[in-house]
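Hi everyone, thanks for coming.

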Amino acid sequence: MSAGRRNGEKLAPLVADIEKAGGKVSARSLDARKEDDIIAFLQEADRLGPLEVCIFNVGANVNFPFTETTERVFRKVWEMACYSGFLAGREAARLMLPHGKGAIFFTGATASMRAVSAMPLSPPPRPAFAPSRRLQHGSLGRRTSTSHTW
């Protein structure tokens with residue numbers, strides 16, 4: 001297993017827990033917004049054992065009212081949450097395809113938890129335009145879940 005985050009030293013408790021349970025983990029610092037860092041990190045993970053699962057969860061939380069959010073803040077959040085997710089997903093897929101299997105998860109638990117408290121209990125209206133399934137899920141494999149929690 002490989003784990004990475006901006007401040008790699010903060011992975012020490014996770015590493016200790018995994019090793020205490022008899023597992024092995026490689027942990028290091030990386031900047032998910034830098035293509036070279038993502039490529040090197042995922043290639044290193046794939047060398048330790050065929051990459052089968054990639055879990056992407058970058059914290060990009062900011063607490064600014066919408067009208068006070070600057071372009072600079074928005075761009076940084078976009079880089080952390082969207083651009084780096086694209087990089088991780090693309091590079092993980094490139095490594096998984098030759099193995100013939102793999103799963104990529106994009107998650108953001110903190111933002112989801114905060115959004116739930118402000119969201120109504122009923123689902124939001126369906127958008128007028130939704131990307132096609134092919135665009136959403138690509139051709140890496142079949143979709144295993146169609147449920148969504150609102």
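This is a predicted model: local features need pLDDT of at least 70, side-chain atom pairs count only at pLDDT 80 or more; totals for chains, interfaces and linings use all residues.

The protein chain has 5 helices and 4 strands. If you trace the chain from the N terminus, the elements come in the order β-α-β-α-β-α-β-α-α. Of the 150 residues, 21% are buried. The chain exposes about 11,500 Å², and 57% of that comes from carbon and sulfur atoms. Now look at contacts between residues at least 6 apart in sequence: 60% of them join residues at least 24 apart.

Next, the helix pair. Helix H2 covers residues 35-48, and it packs against H3 at an angle of about 35°, with the two axes 10 Å apart. Their crossing is right-handed. On the H2 side, the residues that meet H3 include Ile38, Ile39 and Leu42. H3 brings residues including Leu87, Ala88 and Glu91 to H2. Sorted by type, the residues of this contact are 7 nonpolar, 1 polar and 4 charged.

Let's finish with Glu91, which sits in helix H3, residues 71-96. Is Glu91 buried or exposed? Glu91 counts as buried, because its relative accessibility is 8%, and the cut-off for buried is under 20%. What does Glu91 touch, once we set aside its neighbours within four places in sequence? The answer is Ile38, Ile39 and Leu42, and those three belong to H2. The side chain of Glu91 also makes a polar contact, at 2.8 Å, with the side chain of Arg90.

Technical notes
Residues are numbered from 1 along each chain as its sequence is written. Side-chain values use heavy atoms; hydrogens and water are left out. Helices (H or I, at least four residues) and strands (E, at least two) are DSSP runs, numbered from the N terminus. Buried means under 20% relative accessible area, exposed over 50%, partly exposed in between (1.4 Å probe, protein chains only). A polar contact is a pair of N or O atoms within 3.5 Å; within protein, one must be able to donate a hydrogen and the other to accept it, and residues adjacent in sequence count only if both atoms are side-chain atoms. Contact means heavy atoms within 4.5 Å. Accessible areas come from the Shrake-Rupley method with a 1.4 Å probe; for residues, only the protein chains shown count as cover. Axes are lines fitted to C-alpha atoms, for helices over the stretch in contact, and angles run from 0 to 180 degrees between N-to-C directions. A crossing is left-handed if the near helix is turned anticlockwise from the far one by less than a right angle, and right-handed if clockwise. Ala, Val, Leu, Ile, Met, Phe, Trp, Tyr, Cys and Pro count as nonpolar, Asp, Glu, Lys and Arg as charged, and the others, Gly among them, as polar.
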